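Welcome! Please take a look at the structure below, and then we can walk through it together.

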Amino acid sequence: MRLFKDCPYINGDRMIIRGLSDQDADTIREMADDPAVQEYLPAFIADMDRGAAPDEDSILMGIYFKDPPQEMAGICELYNYSEAKAKVSIGCRLLQKSWGMGIAAAVVTMLRAYIFDHSDVRTITAHVMKENAASRRVLEKTGFVRKYTDILSDWGFDEMVLMDKYVFKREWMTLAPDDSRLTDVQVEQFVMAYGIEQDRIRAMLPDGYRSLRPVLRINTEIRDEEVVYVEFNTPVEAAGRRGWLNIDNWKSTSADVTFTRNGNTVKIEAPFLRLSYTGVGIEGGCSAEKDNEGCYYIGHDIEFRPAERIDANKEFCDCAFRWMFHKGDAHGVSAGKTIPAFDTEQVHTYDRCDLTAANAAAIPCRQVLGSYIVRFTRHREG
């Protein structure tokens with residue numbers, strides 16, 4: 001069920017959440033001009049045009065008191081919606097006169113109930129600036145758990161800001177209040193990289209990103225022998241940081257991604273990809289990880305997640321892969337050794353095209369540069 005088929009109308013005990021109207025423009029302007037509110041108010045959220053009607057992934061709405069009737073208390077938003085991944089983010093901003101009345105917690109609860117009752121969304125996220133202690137308390141009070149910390153994000157200010165990312169999952173609705181929300185996860189991570197023509201990926205990168213090496217990388221995780229997660233990246237530099245740019249990612253809970261084992265060989269399969277890894281019993285490191293501050297994720301906003309620290313030893317493996325978005329997509333087999341890749345001078349200028357998994361997968365593989373497996377425990381906050 002699509003979340004944004006209609007603009008929500010949510011009738012709560014104290015508040016009503018509904019679509020914005022022209023009559024709200026002055027109140028929104030008052031809120032946007034208030035320095036105390038503006039400190040945590042992304043520039044985009046004050047854009048009245050975005051509240052006119054739902055688009056494919058977001059809707060801006062008004063929050064109104066029932067008493068006094070229809071008096072505006074603030075604005076809230078559903079955004080970054082992905083039907084395929086069953087995820088959506090929420091945001092809330094209140095007029096200063098509405099602070100300290102428990103409205104934010106009520107709004108979060110209303111939005112969560114609406115989302116779970118009117119869609120197939122399984123995961124709700126919320127993003128909070130590090131300095132915004134009040135919003136963190138609201139999310140924790142309503143059962144959200146901080147999943148990512150110190151994420152650099154573009155919220156419409158002059159510079160990127162540090163934020164924390166909170167999460168709430170549908171299945172938690174059935175848990176007792178004292179049950180742990182996030183537990184340690186056993187992870188088996190498979191990493192492979194292959195060389196490409198660097199000018200081809202340069203033609204796809206968004207403004208502000210510089211390609212570091214002629215490389216595409218596929219990361220796969222098997223979590224608790226249940227969930228499979230696949231991520232497609234390329235190395236970049238942006239905003240003074242060197243790391244990886246996420247092209248796309250898929251999870252078995254929302255996409256047709258599976259894995260099988262046969263001895264020490266693991267195969268990952270999806271309609272668009274085939275992967276196989278066979279551990280060779282030799283441990284070592286990966287030079288590319290020494291130049292990795294984290295990963296950029298481009299969506300409704302831009303997030304930079306610091307690199308996860310993994311102390312476990314890596315095991316080299318043999319690897320084969322094939323993309324299958326279209327006939328003739330990239331494919332290759334490892335050569336039994338790790339091959340370095342270096343930045344190249346630009347030779348060709350290709351027409352610009354969108355950075356999508358299908359477009360990147362169409363770039364031919366020149367050679368598989370190497371692959372490894374690492375097994376570790378990911379500790380979560382609970």
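In which strand is phenylalanine 376 found? Phenylalanine 376 sits in strand β21, which covers residues 367-378.

## About the model

This is a predicted model, where local features need pLDDT of at least 70 and side-chain atom pairs count only at pLDDT 80 or more, while totals for chains, interfaces and linings use all residues. Residues are numbered from 1 along each chain as its sequence is written, and side-chain values use heavy atoms, leaving out hydrogens and water.

## The chain as a whole

The chain has six helices and 21 strands (DSSP runs, numbered from the N terminus: H or I of at least four residues for helices, E of at least two for strands). Along the principal axes, its C-alpha atoms fill a box of roughly 70 × 50 × 35 Å.

Buried residues, meaning those under 20% relative accessible area with a 1.4 Å probe and protein chains only, make up 50% of the 382 residues. Counting contacts (heavy atoms within 4.5 Å) with a separation of 6 or more, 69% join residues 24 or more positions apart.

## A closer look at phenylalanine 376

Back in strand β21, phenylalanine 376 has a relative accessible area of 10%, so this residue is buried. Leaving aside residues up to four places away in sequence, phenylalanine 376 touches Val185, Gln186, Val187, Gln189, Glu308, Ile310 and Ala312.

How many Å separate the C-alpha atoms of phenylalanine 376 and arginine 93? The separation is 39 Å, and the two residues are 283 residues apart along the chain.
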